[in-house]
Amino acid sequence: MAADADSGSAPFGDLQVSSRLTIPAAELEESFQTTGGPGGQHANRSATGVTLTWRYATSSAITDDEREQLAAALGRRGAAGVLRVVADKSRSQWRNRSLARSRLARVVRDALRPTTPRRATKPSKAARQRRLTEKKHRAETKRLRRPPPAD
């Protein structure tokens with residue numbers, strides 16, 4: 001079970017997102033709801049679905065720069081500074097809580113991953129030559145497919 005705690009999926013306590021980011025448990029809000037789908041009376045009567053909410057706009061766990069990066073990366077998903085994750089696949093509330101926590105951690109980790117700037121490259125001289133040779137070959141093939149000119 002130690003592996004689950006390291007990946008941030010234990011359904012209690014602070015949420016370990018990465019080695020340097022931990023979301024305090026007080027900032028996470030869990031709500032439970034019944035889920036649809038198979039399961040019969042159990043699914044209809046047991047509140048096993050979990051919605052995990054984190055208000056990153058007011059969070060003390062991240063810096064202002066990270067807050068802006070999260071907002072940009074999440075787009076509409078993180079509207080109004082709130083990130084919401086739903087897990088309702090399992091019949092077990094405990095398992096759904098674990099899934100919701102690990103999904104939230106993954107989304108935040110991915111959103112805060114630094115993006116590497118694109119390096120502009122240009123084709124090599126040989127690649128340019130191959131492209132032009134192929135272009136001439138295609139043009140010649142198409143020219144030969146045309147009907148002969150009318151005299």
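1. Start with helix 5 (residues 125–145): Glu-140 and Arg-143 sit three residues apart there, which means about one helical turn separates them. Helices here are DSSP runs of H or I with at least four residues, strands are runs of E with at least two, and both are numbered from the N terminus. The side chains of Glu-140 and Arg-143 meet in a salt bridge (2.7 Å, N to O); that term asks for a side-chain nitrogen of Lys or Arg within 4 Å of a carboxyl oxygen of Asp or Glu.

2. A word on what you're looking at: this is a predicted model, where local features need pLDDT of at least 70 and side-chain atom pairs count only at pLDDT 80 or more, while totals for chains, interfaces and linings use all residues. Residues are numbered from 1 along each chain as its sequence is written, and side-chain values use heavy atoms, leaving out hydrogens and water.

3. How many salt bridges does the rule give? The count comes to six. One of them links Asp-64 and Arg-67 (3.3 Å, N to O), and both residues lie in helix 3, three residues apart. Is Asp-64 buried or exposed? At 53% relative accessibility, Asp-64 counts as exposed, whereas Arg-67, at 17%, counts as buried. The cut-offs are under 20% relative accessible area for buried and over 50% for exposed, with partly exposed in between (1.4 Å probe, protein chains only).

4. Stay in helix 3 (residues 64–74) and look at Glu-66. Glu-66 counts as buried because its relative accessibility is 9%. Leaving aside residues up to four places away in sequence, Glu-66 touches Arg-20, Ala-61 and Leu-112; a contact means heavy atoms within 4.5 Å.

5. Now the largest nonpolar core: of its 23 residues, Trp-54, Leu-70, Leu-104 and Val-108 touch the most other members. Such a core is a set of buried Ala, Val, Leu, Ile, Met, Phe, Trp, Tyr and Cys residues joined through side-chain atoms within 4.5 Å. Helix 4 gives the most to this core, with eight residues.

6. Finally, the sheet: three strands form an open, antiparallel sheet in the order 3-4-5, where pairing takes at least two DSSP bridges between two strands. Strand 3 (28–33) and strand 5 are the edges, each pairing on one side only. Six bridges join strand 4 to strand 5, and Val-50 has Ala-87 in strand 5 as its bridge partner.
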